[in-house]
Structures are given as C-alpha cells and as structure tokens.
Amino acid sequence: MKLVLTYIFLILHIACFAQLQRNYTSYTVDNGLAQNSVWDAFQDYKGFMWFGTADGVNRFDGYKMYHYRPIIGDTNSIGGNSSNKFFEDSKQRLWISHNNGISIYNRVNDCFKNLSFNHLQSHSGETYINILGEDKKGRIWFSDFSDKIWAVSIENFKVVDSILFLAKSHVNRFPRNITISDKYIIGTIYDSTTIWFRLNTETKQFNWFGKLPFNNSSFTVLNDSLLVTYAQKSLYYYNPYTNSLKEQPLSNLVEFNSQKTTIARILKWENNIWIGNNLGLFVIDPINNKLIEFIKRFDKNKDANFSYVQNLYIDKSNNLWICTNGAGVHCISPQRNKFKHLCAKNTSGALVKSITTDADGNVYTGFYADGIVKYNAVRQGKKVELENIKGKLNHVLAITYFNNTLFYVHNENIIAHNNKGINRKKIYTGKYHLGVTGAAISYPFFNHHNNQLFISIDYVIMRLDKNLTTKILLPKGHFDHQITCFELFNDTTWWVGTTKGLYRFNPFTKETVKLKIPIMVKTICTQKSTNKVWVGGNTGLFILTKQGKLVKQFSLSEGLPDDFIYGILEDKYGKLWMSHNKGISVYNPLSKTFKNYSVKDGLQSNEFNTGAYYKDEKGLLYFGGVNGINVIDPNLVVENKNAPQVAINEILLGDMPYKSDTAYNEIQSLTLSYVENTLSFDFSALEFSQPENNTYKYRLNGYDNNWIQNGTKHFARYANLPPGKYVFQVMAANADGFWNNEPRNIFITIIPPFWQRTWFYWLMGLLGFALLGAVFYVYNKRQQRKLERELEVQQKLEQERLRISRDLHDNVGAQLSYLITNVEWMLQHPDRLTEQDEQQRLQAMSEAGRNAILTLRQTIWAISNKSLNVDDFADRFKQFALKMLEFDKTVQVHFTEDIMPNKELSPAVALNLFRVCQEAFNNCLKHAISKNIHIHFQSDDATLFCFKITDDGIGFDWEQAKQKGHYGLVNIEARAGETNAKLHVKSAIGKGTTITLTLK
C-alpha cells in the first residue's frame, strides 16, 4: 500500500509537465519485433539497428525486422535468447552478451560464433555476462557472477587477463559498468546500497567509493572527464581522474527513495539529462537543475501505457531509442519533433483561433468554443477562468497582450484585464458590429504599431488608447466587405484584407485603393527589408510591391503543397513561414524554394486555422490548428545531415531469392549464366529518423544511361539483361534530401553462351579461315581437275582425230587406193581384160566406193554431234545393217531394244562402239554363213549401253582365233578397250556365235 501511495504521489506531483506533445515511432511485435520486452538497442558500423529482446535479437533495416534466436542443433545460431547487450570492437565486430554467454555476429555469412569459457559462473542456471568495453591493448573486458573481471583478446578470443575483486563480500553481485576511456573502467555492484568503483586496467588498481547514499548503478558521460548520475533529488557529477564526486540538488523533483524505483539508464541528449526507470522518462535541464518534462506514455492516443524504461540509446542520426519492459522500443527523432507541440489536457480536437504571449513568456491560446488556455514558461497548460464574464467563456477569436494587459474578443465583446487577472473591463459592446446587437464577431484582428493597439471589427478599424477607450479610424461603410486582417507598413500605408479582396489604405487621407487580386485575404505579411508585401488567402500566395504592383503568384507546381494560406510570418533570417491545410511551408528568398513540413515532422496536425499565427519578441513563431499549437524556433529547425548508408536486403534471380552462403548485404559481385538474366534488388537506407521518407536513385552501369530517380520505393528490377559486365549502383538520401554520394556497388557478370564467347569467336574465325582454305583448296583442285579433264579431252580429241585419221586412212584410203589401182590397171592393160573380168572389177570397185562413202557418213555422223542418244545410235545401226543386206536376201536380221530415254554417249565413244558393232555384224555376214542374225540394244539405270548380236552360223573357237591374230577380232577387242566397255564372245563350232558389248 505504501508503494502504491508513493507511486500515486509521484504521478500527481509531475502530471503538470505532460503537456509537451512528442512524436514517437514505435516498434512492437505487431510490426516484427521478436518480443515487447527490450533490453538493449544498438546501431552497428554498417548502420543496422539491433534490439535485444526477451526472445532473441532483431536486426532492423528500416523496413524489416530479422529475428535471431537459438536453434537446437545449429551451432551457427546465437547462443542465448534474453538479457542481450551489444558491443562493437575496434575491428568492427559485433559482440552480443546474453543469458548463455557471448556470441559474435558474422556479417558475411549472417550467422554467429559462440564463445565458450569454462570458468564462467552461473546464476539460477544461466550465465549472464556484462561487456564492459575495450582497452587500448585490444582487450575486451567482461564481468559475470564470479569474484573477478576478465579480458578476452580480440585477436584469438582467448582469456588473456583477469582482475580479482578486493572484497569477497561482493561475490555474486552482478556489476554494471562502462568504459569511459582506454584506461579506466567505472563500475557499480549491487548490494543493500550501490557500491561504485574505479578500475585502472593498466595498474589493476581499484578505487572504491564505498556505500554511497543512493541505489543507482547507471551514469552517463558529459565530457571527457565527467560522468553524471542521479539519486534521490540530486544529480551527482563524478570526475574519474580526480576521483571526486559533486552533488547538485534539483529544485523541483520528487525524491525517489523507494527501493522499488530503479534507475535503469541515464544519458545526455539534446542538451538535457534523460533518466529512464520503471515509471517512465524524466527530462532534466542540467544548467538550471530543473525537471522540465516527465513522459509516462509513448502513445498519443492513450492517457498512459506501460512505460517501464529499461535502456536508452542514441544512434548516429541523434535519434533517441527507448527500450521498455513490455511496450516494445520507441524512437524519438529530432526530425519528427522539429517543432514544439503544445496541447492542453481536454482540448484535443478544439480549434485554436488566436495566440499571444506575455512579458514572462507565458503563452495564451484562444479556442473556438473552448475559452482560453495559458501555458506557463515550462509549458504547463491551464484553462483561464474569468469571474466577471457572464456566461461561459467560449469563442475567443482574437487575443493579444499589450501594456501589461491581455485583450481578447469574446463573442461580440472586446475584454481587457491586466496580467494579475484584475481590472477586467468590457470595452466594446457590438455598437459597430453589423448593426446587429448580440451577433458574434466574424473576423476580429489585433495589431500593434508604434506602441499603439489597433483592432478590426467586421467593417471598422479602431484604436484603443491607454484609458481603454476606442477611436474609430475607419468607419463602417468605407469597405464593402468584412475586414479579415490588416497590416501597417508605415504610418501612411496600411494593407487591409477583406472577404472579397485586398486594399491599400492611407489613414490620414482616407484614400483607399482596391487591388485586382481575386482572393479572400487570410493573412498579410509586410517584409520591410525587401519592401515586399506577402498576401495569403483562399486562392493562393501573392507577392506585391509596396505600391501594390503584383510581383508573383505562386502555384502548386512551384513546390507549395496547398494554396489555402492561413498565416504568414517572417523570421529573422528573412524566410517566410506559412500555415495551410497541408502543414507548414517555409520559403527561402535566396534559393527561391519551399521546404514543406507535415505532421510527421512534429506538427500538431496538417490542418491549421485562420487567425492562429503569432510572432513574439524573441523571434519564436506560433501557429495554431485543430490539435493545439506549434512553437517554432528557426534557430533549432536544422536539417538532418546524416547521409544514410545503403543496405542490400534481398537479391532475386528470376523473381526467386538468390541462394548464397554470403549475406545479401555483403555480396560484392555476382557471376551468372546467360539464362540467369532477370535481376531484382531490394535495398534500404539505414537512416531511421523518418525511414518512410528516405529516397533512392539507382542505375545499372553498362545498361542505364542515367540515374533512375526511384522516390521512396526501395526496389529495382531488370529483365532479360544481355550478357556482359555491369555495376548495379544505388544511393540514398534522408528525409531532408542529404545524399550519400558513395553508391553501394554490386559488380555483375552475365556469362554469355559459348557461342557468344571470345574463344568461340576465335574458333569460328579459325574454322572460317580453315573452311575458306578448304574451299580455296577444293576450288583449286577442281580447277586443276578441270584443266586435267580439258587436257584429257584435248588428248582424247587428238587421239580421236588421229584414230579418225587412221580410220579414214585405213578404211576409206584403202578403199580409194583399191579403186585407183584397179582403174589404172584397167587403163594400162585394156588388152588383158576380158568382158567377164571387166565386169567383176567394176562391180568390186562399185562396192568399195559405196563402203568408203558409208564409212565417211558414219564418221561425219559421229563427230558432228556433242552427244548421241542411245536411241539414235540404235536407229543408225539399223539403217547400216539393212543397207548391207540390200542385195543379200539369204540373211534375215531381227532387231529388239529396251532403251530408257535420254541416255547419251559421247561422239568418240559412240564411234568406237559403232565400229565394234559394225565389225561384229560384218563378221557375221562374211564368216558365219548364217541365215538369221538377232541384234538387241539395251540401256537402263544399271547399264548405259549394251549391244548383243547372235547368229546361227558355223561358229568358231574364240581363243584359237585370237591366237592366230585375226585382224577383225583384235580390232573389236581394241576398240572396246578404248571405250572401257566389256566385250564377251561366246562361240562354238557348229553352234553359232554371240557377241555382247557392255558399257556401264
């Protein structure tokens, strides 16, 4: 019960500090965290975030959580699954301590090396090791439940040193320590109170603080020689070099004296001291020694949630990670909280209509239908109650602070009261308000100029003097439409905005000029450094000269996200800040560009309101909307210049995961076959301030001509890449547009098929040369053979000429000689011739002449054609045979033939064959004494020419005839040999003769 009361007292005591709203990015089991109890957070040198949970560790790339936990039988899995702590050594190796010892992460293979030490002491069945740090000798120091601390070499992971605790009473007290230099280890040991020590790792000398009067084992480093811790109601500063401790009491912090209230972590962030414990987060201003904020919830939508803080960590982008026991891990990013957000309790959803500040820095906010809320200097929100106002204070459409007096418009009344809340006075009762008493004022607007206070009420502008009396400067009827706002450029030039346009007004001459700008004016900002007037309203943003000439109208295409402008304020750097329905934009006149902010940057909402903008004397800018107000200090709105590293999360081949023993992010090169030519890459920027707004560009060098701007998409795909060498390059920028100009490179080689490789080209070239040589060789051979054939033909022709000459000489010449000889004899010896001899000689001479003529005709027939058909040959021979038997009726010749068409013989061959056939036929007539001669001609696919002659004569012995040298038979055989024909003679005495001549 006592503990519960203490807790309730604490919460009530600090509840007033819960008004500053923050944006958190929360990670729980719902979006991939292994378990909601988180012991530690860490960012490795590659840029990945690591979280140690009660169920293993997570590696986070900004989009996906990768879970590592012990797997039975897998020696490459992490050795423990809880109480994780992270440390990175000088070789950039990640050490993870856990409930079963120590594991070292292998980035290349995405696995773990588990270290085993036999001397480790266990507690409750588990071995807990705490990593203290690395000294300058390359030793990692650890502590466990034993009575010593010990060191492991980062070279061989062997225990190389140990230091025994001096006091045995400290055995089994789990020390929590950090290293603040390469020489000292500062540590604490739990006891009934906390015992602190300082260890010199070189001399191994301990210095003990003894039992200090507080139970706190956490501390943080403020500078090279100073640590700070918290206990009770004080901050304690320790200098390890002088071994001195200094207490600094806090003026407004409740005492944490309960043993149940444990300080889990303390560190310095954003110039403040942050303390995490089982109640939440405490934010302390170390300069003024004040508690400025208490955070008991990380969900805006809940009054409270489970906020047991176990650890705090700051990453490379200066984001604060909050590890909780049961509520996951939460990230406070300065980039998501660029602007202070003030929202009083029970006013969420109320519309802010007006803002002002007093001399003490307190902020007053007027709401629509919800009165006034005052935020004191430490941002405590409290509703203002005014006793002298009849009825409920609801609509407060305008508010200002002037001469120690707060002025505000309530319904149809202008009310003033001093800063002590007394002398309230109603100074306006609707006399000039539309002529209708009791109706609400639509667009009241306050303005200060030359230490005077002015206010516009619908159609009139008044000045309020020191006695709180009003003087009409611009009476009703001067403008045709209601006044929405006005700005005093100088004493003679006022700018007046109405529901239907913009006017330039001279209060002395009453001259009024309406400008041709079609707009319902919501805001006017006079920029005196440039003599420009900025006007915003329901149709856009305009710049005018002080004479009223339009300089420029901005459109949405020029970087302005919305053209319904509520308020414009100039900061001390000359930049113009403006609120609208899509957040806040700031225009830089030097670069002529807009920078846009949204609710993701810490705005109360993307929607702001008419009249809810204000600039105080310190240069702070205030904009109000539907969920409170934002306070903008232009000095603190800085860009995130941490250019993110890029991680390769996955590689796909043919839209399937690429299988490799190397982790995707460690792959430097890929060698693929020509069929593995569809590649995809998933990547991420390891910058966690606003990961959803990180942007990317990539290219495939060797394929893309230019960089491909990919926006916030973190995926690239290439299909059907031709074989070749490429480099995939990807770069990333954070949400503020700062690029890491060193791209992540993956060298890619797609091996071509063998028919596209160099050796194949060389082989084909050699084969081509060889083929060309072969063709040239064959061509030469053919030409040589052609020449040889031509020579052979010439030789054959010459032989044929000689043969024909010989034939003519032997046959025709002989016959003509016979004729000449007989004629001469008959002329020389006429007295010797009887009539019978003369008749015989003339008959013989006639026959010889006919034979000579026949021989000439046959020769001419043979040599006058380039080729002779077998059909023609057979017909010519028939004519010859029948001519020979013209005067001999005793012999009968029978012809048969089996000849295929288009079978041809050369002239020389035909003449030789004809002579053979002629000689064979003549032999039958002269020697066979036959009565029947059968002649058969044949020509088919197997045989080019076949001549077969058969008689029924007396026959003869072929072998004896050849031996006796019969000229006719020898001539037949010789001529057959000249044509490569086969001659077959079959004969027997008394049985006739068959001669077969065959040419294939």
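This is a predicted model: local features need pLDDT of at least 70, side-chain atom pairs count only at pLDDT 80 or more; totals for chains, interfaces and linings use all residues.

Q: How many bridges join strand 8 to strand 9, and which way do the two run?

A: In general, strands of a sheet pair through backbone hydrogen bonds, either parallel or antiparallel. Strands here are DSSP E runs of at least two residues, helices are H or I runs of at least four, and both are numbered from the N terminus. Two strands pair if DSSP finds at least two bridges between them. Strand 8 (residues 94-98) and strand 9 (residues 101-106) are joined by four bridges and run antiparallel.

Q: What is the order of the strands in the open sheet?

A: The order is 7-8-9-10, four strands with antiparallel pairing. Strand 7 (85-88) and strand 10 (111-115) are the edge strands, each pairing on one side only. From one strand to the next, the twist averages 30°; angles like this run from 0 to 180 degrees between the N-to-C directions of axes, which are lines fitted to C-alpha atoms (for helices, over the stretch in contact).

Q: Where does Gln-92 lie, and what is its phi?

A: The general idea first: most residues other than glycine have a negative phi. Gln-92 sits in the loop between strand 7 and strand 8, and its phi is positive, about 65°, although it is not a glycine. Buried means under 20% relative accessible area, exposed over 50%, and partly exposed in between (1.4 Å probe, protein chains only). Gln-92 counts as partly exposed because its relative accessible area is 36%.

Q: Is Ile-929 buried or exposed?

A: Exposed, because its relative accessible area is 64%. Ile-929 also has a positive phi, about 55°, without being a glycine. You'll find Ile-929 in the loop between helix 5 (907-928) and strand 70 (932-939).

Q: Which strand forms a hairpin with strand 35?

A: That's strand 36, with two residues between the two strands. Strand 35 and strand 36 (residues 405-410) run antiparallel and are joined by six bridges, and Phe-402 stands opposite Thr-405 in strand 36. As for cover, seven of the seven residues of strand 35 are buried.

Q: What does the side chain of His-395 reach?

A: It reaches the backbone nitrogen of Ala-369 at 2.9 Å. His-395 itself is in the loop between strand 34 (381-384) and strand 35 (396-402). Contact means heavy atoms within 4.5 Å. Beyond its neighbours within four places in sequence, His-395 is in contact with residues including Phe-367, Tyr-368 and Val-409.

Q: How many residues does the largest nonpolar core have?

A: A nonpolar core is a set of buried Ala, Val, Leu, Ile, Met, Phe, Trp, Tyr and Cys residues joined through side-chain atoms within 4.5 Å. The largest has 40 residues, and Val-496, Trp-577 and Phe-623 are among those with the most contacts inside it. Strand 43 (residues 483-488) gives the largest share of this core, four residues. A second, separate core of 37 residues includes Val-916 and Phe-937.

Note on methods:
Residues are numbered from 1 along each chain as its sequence is written. Side-chain values use heavy atoms; hydrogens and water are left out. A polar contact is a pair of N or O atoms within 3.5 Å; within protein, one must be able to donate a hydrogen and the other to accept it, and residues adjacent in sequence count only if both atoms are side-chain atoms.
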